[in-house]
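Here is a short report on one protein chain. It starts with strand pairing and then turns to the helices and the rings.

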Amino acid sequence: MITRSSKFPCSLLLSLQLPRQCTRALHSSLPLPPIPQPTPFVPDPTTFLTLIGRQLSKHAPKITTWDSLFSLTSTQLRELGVEPARSRRYLLWWRDQFRRGIYGIGGDLQNVVDGVAEMRVKEVPVGETVKKVVVNTPPGVEELAQGKLVQGFHVRGAGTIVGSYVELVKESGGSVARLKVQEGMWEVRRGHKVHGGERRRKYVLSQIAKKARGTLK
């Protein structure tokens with residue numbers, strides 16, 4: 001004989017489930033976040049995936065448009081073969097960063113041709129002194145008035161541009177440099193697990209201690 005273990009009528013149990021269903025319905029009805037505009041340094045999905053690294057550029061043939069890059073859900077990315085799950089989370093995280101205007105190195109460059117940006121040293125008066133800064137100019141244009149101040153680079157010594165991934169133009173003596181898109185320029189490196197990570201640390205440490213005492217079988 002089948003007996004009911006619940007003390008509540010079925011109608012009440014169903015009513016208790018409604019708020020959760022309503023929550024899911026409300027979540028699915030929320031508008032999608034806005035799709036940001038591409039930038040001169042990041043004009044397409046392939047460049048974006050190349051910059052953020054972790055070998056996500058191999059999925060570029062599956063994500064062919066800018067709109068799809070910023071609208072695909074985690075489930076849809078999984079169906080496209082973006083694995084493992086941490087890669088999808090990483091892509092979604094960088095997508096949110098870009099949407100909020102937070103870029104990696106070179107993301108704010110405006111004068112870019114074929115993925116290459118040119119930078120020059122410019123002297124800017126600061127009070128009674130002169131400060132040397134790095135500006136982004138159109139390729140081949142020496143008129144510094146057209147240059148845009150860029151972040152992440154500085155001038156060392158008499159006038160050498162210094163910064164990650166910078167390629168100095170030899171004939172310039174270091175005052176002209178180029179920056180081009182490279183694999184993993186914006187990559188956030190994964191942490192290294194110590195003693196098996198948080199979940200296995202206690203067990204691994206106990207094994208190490210047993211081995212040191214010579215009692216490990």
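## Strand pairing

Asn136 stands opposite Lys148 in β4. Strand β4 covers residues 148-149 and runs antiparallel to β3, with 2 bridges joining them. Strands here are DSSP runs of E with at least two residues, helices are runs of H or I with at least four residues, and both are numbered from the N terminus. Two strands count as paired if DSSP finds at least two bridges between them.

β3 (residues 129-137) also pairs with β2 (residues 116-126). These two strands run antiparallel and share 9 bridges. Val124 has Lys131 in β3 as its bridge partner. The hairpin of β2 and β3 has 2 residues between the strands. Gly127 takes a positive phi there, near 65 degrees.

## Model and overall make-up

This is a predicted model, in which local features need pLDDT of at least 70, side-chain atom pairs count only at pLDDT 80 or more, and totals for chains, interfaces and linings use all residues. Residues are numbered from 1 along each chain as its sequence is written, and side-chain values use heavy atoms, with hydrogens and water left out.

The protein chain has 6 helices and 8 strands. Along the sequence, the pattern is α-α-α-α-α-β-β-β-β-β-β-β-β-α. Of the 217 residues, 31% are buried. Buried means under 20% relative accessible area, exposed means over 50%, and partly exposed lies in between (1.4 Å probe, protein chains only). The accessible surface comes to about 14,900 Å², and 55% of that belongs to carbon and sulfur atoms. Such areas come from the Shrake-Rupley method with a 1.4 Å probe; for residues, only the protein chains shown count as cover.

How many of the 8 residues of helix α2 are buried? The count is 7, so α2 (residues 45-52) is largely enclosed by the rest of the structure. The buried residues are Pro45, Thr47, Phe48, Leu49, Thr50, Leu51 and Ile52. Their cover includes α3 (66-69) and α5 (85-99). Gly53 follows α2 and has a positive phi, near 75 degrees.

The largest nonpolar core has 35 residues. Such a core is a set of buried Ala, Val, Leu, Ile, Met, Phe, Trp, Tyr and Cys residues joined through side-chain atoms within 4.5 Å. Phe48, Leu49, Ile52, Leu91, Met119 and Trp186 have the most contacts inside this core. α2, α3, α5, β2 and β8 (176-180) each supply at least two of its residues. Leaving aside neighbours within four places in sequence, Ile52 is in contact (heavy atoms within 4.5 Å) with Tyr90, Leu91, Trp94, Trp186 and Glu187.

## Aromatic rings

The whole structure holds 8 aromatic pairs. Rings of Phe, Tyr and Trp (its six-membered ring) pair if their centres lie within 6.5 Å; planes under 30 degrees apart count as stacked, over 60 as edge-to-face and the rest as tilted. Phe48 and Phe98 form an edge-to-face pair, 5.7 Å centre to centre with 85 degrees between the planes. This pair links helix α2 to helix α5, and its members are 50 residues apart.

Phe98 also forms a tilted pair with Tyr103, at 4.9 Å centre to centre and 50 degrees between the planes. Phe98 is buried, with a relative accessible area of 2%. Tyr103 is partly exposed, at 31%. Ring pairs link Phe48, Trp66, Phe70, Phe98 and Tyr103 into a cluster.
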